[in-house]
Amino acid sequence: MNSPGELMPLAFMRRGDGGTLVEIRGLKHRVGDVGRALGEQKGRFFHAGRGHRLEHRLNSMGIIPGAALKVIQNNAPGPIIVAVKDSRLCLGRAIAGKLMVRPEGEDSPNGPAG
Amino acid sequence: MSRGVASNEGQITAALSGNPNAGKTTIFNNLTGGRQHVGNWPGVTVEKKEGTARYGDYEFEVVDLPGTYSLTAYSLEEIIVRDFMTLDKPDLVVDIVDASNIERNLYLTTQLIELGVHVVIALNMMDVASARGINIDVELLSELLGIPVVPTIGLRNKGTEELKVAIVSTVMGEARFRGIQVNYGKEIEEEISKLQAVIEQDERVSGEFLGNYSSRWIGVKLLEEDEKVEEDVSRYSEPGSALFRQLEASRDHLFTIFSEDIETVIVDNRYGFVAGVVREAVEREFEEPVTLSDRIDRILTNRILGFPFFALFMWLMFFLTFFLGKFPMNRIDHLMRGLGNLINTNITSPVWLRSLLVDGVVGGVGSVLVFLPQIFIIFICISILEDSGYMARAAFIMDRIMHWLGMHGKSFIPLLMGFGCNVPAVMATRTLESEKDRMITILVNPLMSCTARLPVYALFTAAFFAAHQGTVTFSLYLLGIILAVSMAKLFRRFLFPGESEPFVMELPPYRLPTFKGTFIHMWERGSMFLRKAGTIILAGSVAIWILSYLPPGVKYGSGASLAGKVGHVLEPLVRPLGFDWRAAVALLFGFVAKEIVVSTYGTLLGVGENRALISSGLHGFFTPLTAYGFMAFTLIYTPCLATIAVIKKETGSRRWTAFAVGYSLALAWIVAFVIYRVGLLFGLKG
């Protein structure tokens, strides 16, 4: 299993497990030269990709790096219910696999002692 | 629309904004009482509710804006909210904040303040918050944000008057209003100021565009790469202008400093600001890691138990509908019969008038009105599913199955709502982010058997399957579901290939639905049926009566009447299904609304409202086999006129609307044909 401190996708965490969201993986499309070139071609501003849309939605619902997450229900291979502050969000498996979490010591099987 | 009277002396426009599930609708109902009307936002079909509220001499118009989490330009709802704020310029915005989820809710508040509108917070669900040990220093919160904060408990109508006072005094300029802005840190703030300066100097942008916005807001939005604002600004400013150059420079500069998206930094700062406010003004008596709602979820969304519970709730919904609905139904039936007799004895001449009233109006509309109780019960059940928070859980549970269909759980909610009425169900697909998912969900929605089909099942099962009425009705619901699933799978495979959009949905905490809330909800939808009975169904019944009565002297409702002639023309089309000309006429008029299928028989048979007589009359035209085929046909064929209209509006495409009509008609024919032929093979009487 994971040793403490190692990142783990939320999708793999069990009911009752918690941790801190470190990174939303695979969604960020950096504002790169390609986008910029395209933007200039169209005589408009350059834009980031579509992944932004999802990241934005997650952000506005409280899922930002640094947020404490806790798994309320994990119906693998189905969706997952996660607690973020005072709200409960239902996330599809695909997204839950992209949220990289640093598990909390006490709930992790290898605990702080391991 | 009553927009014209806004901003007169004593007239205030207040917009309600807030997160979904923050209790916006309840506050709206509290403020406006019954004085409201529902329309659509121009050009889009997101529901728009307006109403009026009164306080002393002041009358204000209240506009309910769609629930949003943010004011980015990433969803239609968000754009509607933004546009309303900046173009319609309400005198102020009432931001409904869920006190039990204050941190996430205030994220939107920071953006409303930034937009430059006057904001009053209705700090709602104070009771839920204090039950969870969340104590909020309302006075301090108000000071930290620089805007008035009014504690409310929407469900118990508490704080409504205070909210009205705050609205009036804010508009009159008597209340505290500073609107504390989020500070984005030195570097970003510098760039915002530079952008603000060029925006204000740019003659076209500031002259023609800025009027509606604050320059700070535009600056922040441009740094955030907000597509809508970029597009708007592009209309007034060309690439290479001072504004564009400054923007490129600012973005480059900030990108080198933060080496990540500026957008992310801005989001972080907003949450940071909110966290700071919450730290000061909110105190938690105890941490509640597992709430009651979570504990319920352990059972109701459990991998193993979730589905049986869902099945149980569905069964309960239909059981209540059919079982409880029966009692008032018989009473209405009596009432209608009495009305028919009354007309029969009191209006003796002219004969045609008596026939019109008894056969046409009472027979047609009455035979449908009988189902009012069942329709209302099913709407009550759906309202309870929604208001209790279970609907979102149903979506969670069904996600795996929906996934197999190439959609995700959220598509399930409109399908379930389709059991009530397909019109709101099709509108509910708005919450789906993916255009493809939405199209599929819209196209298969009419296959979910709505309440308008109930009268048809009830009439035919009573006449032909008296001993197994429940089973046969259930089989029709099941047939609809199976067809919807198969069609969804086909459409995904051939018409809208590709992955479905990621599944993200908020699960509101479980709540006990209130009587008032459920009633209002039920009434909003159920009354549509009443209106329909008084308009479309009445008109349809009268039209059929005329066709059955003319030409003069012909035997009423016989093959020689106009109805008979129309029916005979269409008969060859339905002959292979074992239907006669009357079925053709009934189905033809059923295009308008499916209840009319029943009222057609009521009218055609000339037996008026008497269901027993209609039933026995039907035995002349159908066998149990063809009756079942006929019910299946009615279930599947062509969505009713209202549904077609809403499909047209929602898809914005004539082609897809025509497709929805065409495919369901073809499917209905094929299914009825198969039922008939297979039945004949097994020796059933055709």
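## A pair within chain B

In this predicted model, Asp127(B) and Arg156(B) form a salt bridge with their closest N and O atoms 3.4 Å apart, the term meaning a side-chain nitrogen of Lys or Arg within 4 Å of a carboxyl oxygen of Asp or Glu. The pair links distant parts of the chain, 29 residues apart, since Asp127(B) belongs to helix 4 (residues 126-131) of chain B and Arg156(B) to the loop between strand 8 (149-151) and helix 6 (160-171). Helices (H or I, at least four residues) and strands (E, at least two) are DSSP runs, numbered from the N terminus.

Asp127(B) counts as partly exposed at 26% relative accessibility, where buried means under 20% relative accessible area, exposed over 50% and partly exposed in between (1.4 Å probe, protein chains only).

Asp226(B) and Arg82(B) meet through their side chains in a salt bridge of 2.6 Å, N to O. Asp226(B) lies in the loop between helix 9 (215-223) and helix 10 (227-236) of chain B, and Arg82(B) in helix 2 (residues 76-88), so the pair ties together parts that are 144 residues apart in sequence.

Residues are numbered from 1 along each chain as its sequence is written, and chains are lettered from A in the order in which they are written. Local features need pLDDT of at least 70 and side-chain atom pairs count only at pLDDT 80 or more, while side-chain values use heavy atoms, leaving out hydrogens and water.
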